[in-house]
Amino acid sequence: MDQFFSSLLKKSIIPLENPPKWAKLFPYVFMLFLILISAVFLIPIFCAYICPLRIIYDPPAVTTTFQWITALIFVTGGLIFLVIGPLLTKKRLFCSFICPLMPANTLIGVINPFKVKINIDLCKKCGLCVKSCELFAITKESLAKGKTIIECAECGKCMDKCPAGAIDYKLMFTDQNIRFFYSAGNYL
């Protein structure tokens, strides 16, 4: 949902490129907190009381004061992090800063054999990849090192925006560009 709203406008109204480090660490701390609290109370705390996506697939009943507060959290969180924020910044704020599944996705990305690599010899330092990355996975620092940060979802939007063709998928432990093989009409 946040991906849809982040792609509606051509330019961001509020440019947001380098979030503070604590903001990128929040999902990890949040996931650990939710695991511990859920284990103590034996209920899925995030899904039951916090997740703004729940308003879509399981709208909460609103008959008591507690249920009104829960519904208000769902609606407010959904509007801010899934609609308004992505629309204004062109970034996936919920996925980047709140979602406790992002750390799990990061762990899967570590073992993924396909990696996004940046050829710093071809890179023109235009910054279009940094601006186009919806998950803040390319920063100026990571760009200088020729790679993305660990939260990269390997979506390929940076590759599509790069005018120099400096960004490509590489097979782990090789320098072989492999995006060509997955382009239209080039399947093996």
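Reply: The domain assignment, which is automatic or comes from a database, divides the chain into domain 1 (1-102) and domain 2 (112-178). This is a predicted model, in which local features need pLDDT of at least 70 and side-chain atom pairs count only at pLDDT 80 or more, while totals for chains, interfaces and linings use all residues. Residues are numbered from 1 along each chain as its sequence is written, and side-chain values use heavy atoms, with hydrogens and water left out.

The C-alpha centres of domain 1 and domain 2 are 26 Å apart, and 16 residues of domain 1 are in contact (heavy atoms within 4.5 Å) with 12 residues of domain 2. The area buried between domain 1 and domain 2, meaning the accessible area (1.4 Å probe) that the two parts lose on being put together, summed over both, is about 1,200 Å², and carbon and sulfur atoms give 52% of that area.

Across this interface the rule finds 0 salt bridges, a salt bridge being a side-chain nitrogen of Lys or Arg within 4 Å of a carboxyl oxygen of Asp or Glu. On the side of domain 1 that touches domain 2, helix 1 (2-6), helix 2 (21-41) and helix 6 (93-97) each supply at least two residues, where helices are DSSP runs of H or I with at least four residues, numbered from the N terminus. Helix 6 gives the most to that side of domain 1, with 4 residues.
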